[in-house]
Structures are given as structure tokens and as C-alpha cells.
Amino acid sequence: MASRYAEVYQQWKSNPEAFWAEAAKAISWIKPPTKIFDGAAGVYGRWFPDATCNMAYNALDRHADGGRGAQTALIYDSPVTNTKRKYTYSELRDEVATLAAVLQDFGVTKGDRVIVYMPMIPEAVIGMLACARIGAVHSVVFGGFAAKELATRIDDAKPKLVLTASCGIEPGRIVKYKPLLDEAIRLSNSKPDAVVLVQRPQETAAMQDGRDHDWASVVAAAKAAGKKADCVEMAATDPLYILYTSGTTGIPKGVVRDTGGHMVTLKWSMENLYGVKPGETFFTASDVGWVVGHSYIVYGPLLHGATSICFEGKPVGTPDPGTFWRVIAENDVVAFFTAPTAFRAIRKEDPNAEYLKKYNLPKFRTLFLAGERADPPTLEWAEQILKVPVVDHWWQTETGWCIAGNPVGLGLLPIKHGSPTVPLPGWDVQIVDEGAKPLPDGTMGSIVIKLPLPPGALPTLWQNDARMKESYLEEFPGFYKTSDAGYRDQDGYLYIMGRTDDIINVAGHRLSTGGMEEVLASHPDVAECAVIGAKDALKGEAPLGFLVLKAGVTRDRATIEKEVVGLVREKIGPVAAFKTAVTIDRLPKTRSGKILRGTMKKIADGDAWTMPATIDDPAILDEIAGALKGRMV
Ligand code: COA
Ligand code: AMP
């Protein structure tokens, strides 16, 4: 079948408002939009400014009452606890309505923030949807972050309530969430009124009188009293959630997602990009702490009336590299979405895909990869073993859905390894030089997107329009700066090659080297430091720290290096995967004092490098090469 992509993209380009007005018909509005876009509102305009709606209604009630009540909405599959559980649309709606009533009893109302700090258990999904039901703004914080990171988010979001669990389960260890949460609340200036906690059998958390409440008890009491909350009418432009993501400093950015536009584009993407039909099963192996989890574990599949999977496990080791194949086979999964690093992990353990031979996947049609650059060897391997199209697609926390992909539902375009294919409707992607001048095909440059951004993309940062403008809109006037660099080929295919800022991508997790440098610099023996993302065969990139010690420090270097590794784990969290710090006598700098991180990275990666013309003292680079010998983990 010939792809309809070109025709559909052109339809959007010739009349974006008509295009999104048509897509909006797939949503159940309380008040349908009469105005599609208001260019004068907000930082760069707002979508569906006069419409009202409710996300939980569209994700649950609409299906529960519309013939899908008995269909499975959510499957919880947890190889780390040997648990499988299914919720129909009716059951999930009832659980969500009950928890929403509990939240209301705690005084949570429209516009209040709720932090969700939870492992991959169904209560995390129920918690997010319960907030959406009553118009509370959730902010999910990934479990791999340390107390200080959680505290920063609590201080910015100022939540009325926190939803949490006693622990997460990582292979070989229990991660106790409650002490981390208690410490975060202690560190933060803003104190939530209440904490509602799922006590898991693996760990019983100590509860603080007055503030902490047992999830099971409060829900049981609400059920006994027959309490259920109705869906609250929300403006399409009201925030659904805040999701914090790494910025170029240690202070994360609070990406805001509005309600109406997000529904429209997620729903559109389910059919047209992912090629999934209502009633089919879509499996996204990520975490609700990341944008991929928000969009395609929780909201996208449920808006579409599909079945989604909440998977609590890892690609390998829980218990083996066949775990994804098992989940796909057992649940008739049609489309599977994960990060390339997961496939690198599976390939490393099971290069001949022996575990795959144990399963039949007759319904499985497409593998989607995102979160980091899909390296062609991994992609080719995945194609060979799965014998289905492997679709790389590019997006960001900020965008909420895919910028460039291969629209399976519109008809697959030829796949080119190394390219996430073409911009989707909504995205006018351009490659420009420093002066915002378009560059010819094949030339690397900054990737920018012509404003306005489409529905579903961030309207602003939480209570910080100024940072929104400064971070994304000022450098290239009229455009959104993606901070990715890349090029377009003569067929219009995009190639996303790396970041232009200090963000690195470790196992599909977005991290700020600037944030890590702040931690290293806080060590009393460290005078100066630099952190770069060095090539890593499994995780794509791994952070590598360089330390210059203060004059007169005589303590053992190895001890100090170990201490800073511990400090990053303590302050940022295990997710930073910061394992190596190397002490050197001085950092390579330009004559104007800029640290030459790019050259340091090339040396660490073993890539060819040339002596920067502006370097202060060329001998330093040899010192770095020497210091790194035998040190890379
Ligand atoms: N809670 C607490 N700790 C967590 C955590 C969580 N939710 N998730 C990860 N961690 C910890 C890990 O246990 C590990 O700790 P360690 O240093 O004690 O070993 C550390 O954070 C680093 O985790 P990770 O980078 O995930 O490495 P890993 O070695 O545990 O696993 C992979 C490697 C490839 C299997 C894993 O990274 C993976 O599944 N990646 C998929 C990526 C993904 O889903 N990305 C989301 C965007 S699509
Ligand atoms: P996050 O906000 O965590 O989703 O990370 C977004 C960043 O990850 C992007 O800016 C890219 O640098 C990178 N990224 C995500 N998906 C891809 C992809 N398919 N190809 C290349 N880079 C990607």
C-alpha cells in the first residue's frame, strides 16, 4: 500500500487549524472548540482556547460506558514480584473514581499539584488518572532520583499531597522510597499536607502520624462509603501535568502539558503513527516517570480504547532476556515501544535470540524505538530477529509526542537506518546555522521547529514563561530550539545526531552534565571539574567526570574519586549511572577560559581529534589521554 504520508502532511501544512479541528472530532469534549488556535495567548499561542473537557473521561468513562466496559484496559505484569493482574475499563474507571474521591477528601481540588513518586505498579497509573479526573495537576518523579532531586521538584511544584509506595524493586535490591521521600520533604521548603502510601509486601514503610496514610485503608474506607468522584470540567488549556526534565543547570525544567491539545495529538498518533486499533494491545516498556510512560503507557492507549501494559521489570535479568517476548506473546501485543538501550542489553545477553524461539508472536506487527539515537547495528539486529518493521522515532519530553517518525498507520515509508524518517503533521522542522539561516540538505546544523508548536507540545514551563522563552524561543526567533543537531537528506529524511547543550542520554535517560558538575564541585577537595558523556556500548553514553584538586590536597586521589561517585549517587540518584571520576592536574581550556569538553569527549571515545587552535596549553590533552588509560568502566 502506498503511504498517505505526503498527502496528509500537505493537508496539515496548507491549513493547520482545519487539520487539528478535524483531529479534535475524535475527542469527547464537554464544550467543543469553536476556536482552534489563539496566536495571541500564552508564550507562542494556545490550542483549543475555548473548549472544555476531561482527560479521565476520555481515557476511561467514554470506553467503560461505550461498549468497552468489559475489555481489559490495563495489564500489570511484574516479573520482579511474580504478579499479573488485569483491569477492565469499568474496573479501572471505578478504582480511579474512588481514589479521586479520596484525594478530594484530603482537600485536593482543581489546579492543586500532586507528586507521584512510585514504582511501576498499577496504583501509579490509577493515581495519575485520579488527578486528571478532578483536575489536579500531577507531577510524576522517577524512582531512580535521590531525595535532593525530589526535593527540588517538591519546592517548584508545591504539591498539596504526595502519592507514593513503600518501595521499588530493582534486580537484587529493594529501593526504599519512604526514607527518600521523608528526606526530600525535610529538605524542601514546601511541605505537602498528606502522603498516601501503598505498603508493598516487600517493605513496610514507617508512617508519620497525621501526615501519612495507608493507601489500601483510605481506598477501602471510600469504597465502603460508596464514594466516587465525578470528572471535573477542565479548560483544554488547563495543565494536566508537570513533568520535570533535565535542563542545562541543576534545576530541572517543569514541562507543562495542557489537557485538550494533548488528547487530540495522542489520539491521532495511536492510529496514524503507531497503526494501533482500539481493542488491540500496545506495550510500552518504559516508566511512568518519563514522558514516554505518560504518553504511551497511560494516556495514549487508554484514550484510544486500546489495552496497555504496566510492566515492572527490566529487559534482562527479570528473569531472562526473553521477558519482553513473553509479555508480547501472552498478551497478543501488536506494537511494542522501548528504548534502543533495552535491545542492546538483550543482544548482549542473548546474541542469537535463543529466548525468542520459545515464543510465538503472531499478532506482533511493529517495534518502535525512541529516547536516544537508534544505532544502526542494534536496529538491524532487532529487524533480523523479530522480522517486523523497526521504527525509530524522535521526540522530547517537551514535545509530548513524536516530532519525526515513520507513520505506520498512514502506510510505512521506506526505512533508512539511522534516520527516524520524516516530520509528522504539526512539525515544520528546519536545519539552520547559528544565524537561523536554513542549511542545504546533507549539512549538519541546529534542528529548530517553526512556531507555533502543534497541540500537545509544551505551552510553557511551570510558572516560568521567562525560562520558557530563554531556553527555547530566543536564540532562533520564530522557532523552537530543540537543542538537537542533525541534518536532512535529499529525500527529506531527518538524522538526529546529538545534543547541542550539556544534556547526555544514558540508557535512554536524559541527564544534565551541568547538574553533575555542580555536585562534583561541592566536594571540599575539588577545585575544578568537568563531566562529559563518553561512549558506552550498552547505555549509549555514560557520564565521565574529571577532577582538578585544590592546591595542597594530599588525600589519596582514589578515595576522593570514590567519594564524588558516591556524592552523585546521593544527590542525583542511581539513575545518573555516574561510576567514573578521574583526577587530572588541569583542565584543557581555550585562551578565554572555556573548558574544551568536546575534545575531551573525543579523546575518551577514542575518536580522531584535532588540536583546537584556541587551546591554552596543548600538552594537557596528552595528560588526559594518559589519565584515562585503564580507567574507563
Ligand atoms: N528506582 C530506583 N533505582 C532505579 C530505578 C528506579 N525506578 N531505575 C533504575 N534504577 C537504578 C538501577 O538499579 C541502577 O542502579 P545501580 O547503579 O545500583 O546498578 C541505576 O539506577 C542505573 O540504572 P540503568 O541506567 O537503568 O541501568 P541498569 O544497569 O539497571 O539497566 C538497562 C540497564 C539497559 C537494562 C536499563 O537501563 C533499561 O531497561 N533501559 C531502558 C530505558 C528506558 O526504558 N528508558 C525510558 C525512555 S524510553
Ligand atoms: P527526553 O526528553 O528524555 O525524551 O530526551 C529527548 C532527547 O533524547 C532528544 O532531544 C534527543 O537528543 C534524544 N532522542 C530521543 N529520541 C531520539 C531518536 N529517536 N533519535 C535520536 N535522538 C533521540
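## Sheets and a helix pair

In strand E19, the bridge partner of Phe336 is Leu367. This is a predicted model, in which local features need pLDDT of at least 70, side-chain atom pairs count only at pLDDT 80 or more, and totals for chains, interfaces and linings use all residues. Residues are numbered from 1 along each chain as its sequence is written, chains are lettered from A and ligands numbered from 1 in the order in which they are written, and side-chain values use heavy atoms, leaving out hydrogens and water.

Helices (H or I, at least four residues) and strands (E, at least two) are DSSP runs, numbered from the N terminus. Two strands pair if DSSP finds at least two bridges between them.

**The seven-stranded sheet.** This open sheet runs E5-E4-E17-E16-E18-E19-E20, with mixed pairing. Its edge strands are E5 (83-88) and E20 (390-392), each pairing on one side only. The twist averages 20 degrees from one strand to the next. Axes are lines fitted to C-alpha atoms, for helices over the stretch in contact, and angles run from 0 to 180 degrees between N-to-C directions.

Helix H5 (residues 122-134) lies across E4, E5 and E17, at about 30 degrees to E5. Helix H11 (residues 323-330) lies across E4, E5, E16, E17 and E18, at about 150 degrees to E18.

**The four-stranded sheet.** Here the order is E23-E24-E25-E26, the sheet is open and the pairing is antiparallel. E23 (429-432) and E26 (494-499) are the edge strands. The twist averages 50 degrees from one strand to the next. Within it, Val448 stands opposite Lys481 in E25.

| Strands | Sense | Bridges |
|---|---|---|
| E18 (333-338) and E19 (366-369) | parallel | four |
| E24 (445-450) and E25 (479-488) | antiparallel | five |
| E27 (503-506) and E28 (509-512) | antiparallel | four |

**The hairpin.** E27 and E28 have two residues between them, and Ala507 takes a positive phi near 55 degrees. Asn505 has Arg510 in E28 as its bridge partner.

**H5 against H10.** The axes of H5 and H10 (residues 291-303) come within 11 Å and cross at roughly 60 degrees. The two helices are therefore oblique to each other: angles under 35 degrees count as roughly parallel, over 145 as roughly antiparallel, 65 to 115 as roughly perpendicular and the rest as oblique. Val125, Met128, Leu129 and Ala132 in H5 meet His294, Val298, Tyr299 and Leu302 in H10. The contact residues divide into seven nonpolar, one polar and no charged. Ala, Val, Leu, Ile, Met, Phe, Trp, Tyr, Cys and Pro count as nonpolar, Asp, Glu, Lys and Arg as charged, and the others, Gly among them, as polar.

Conventions: Contact means heavy atoms within 4.5 Å.
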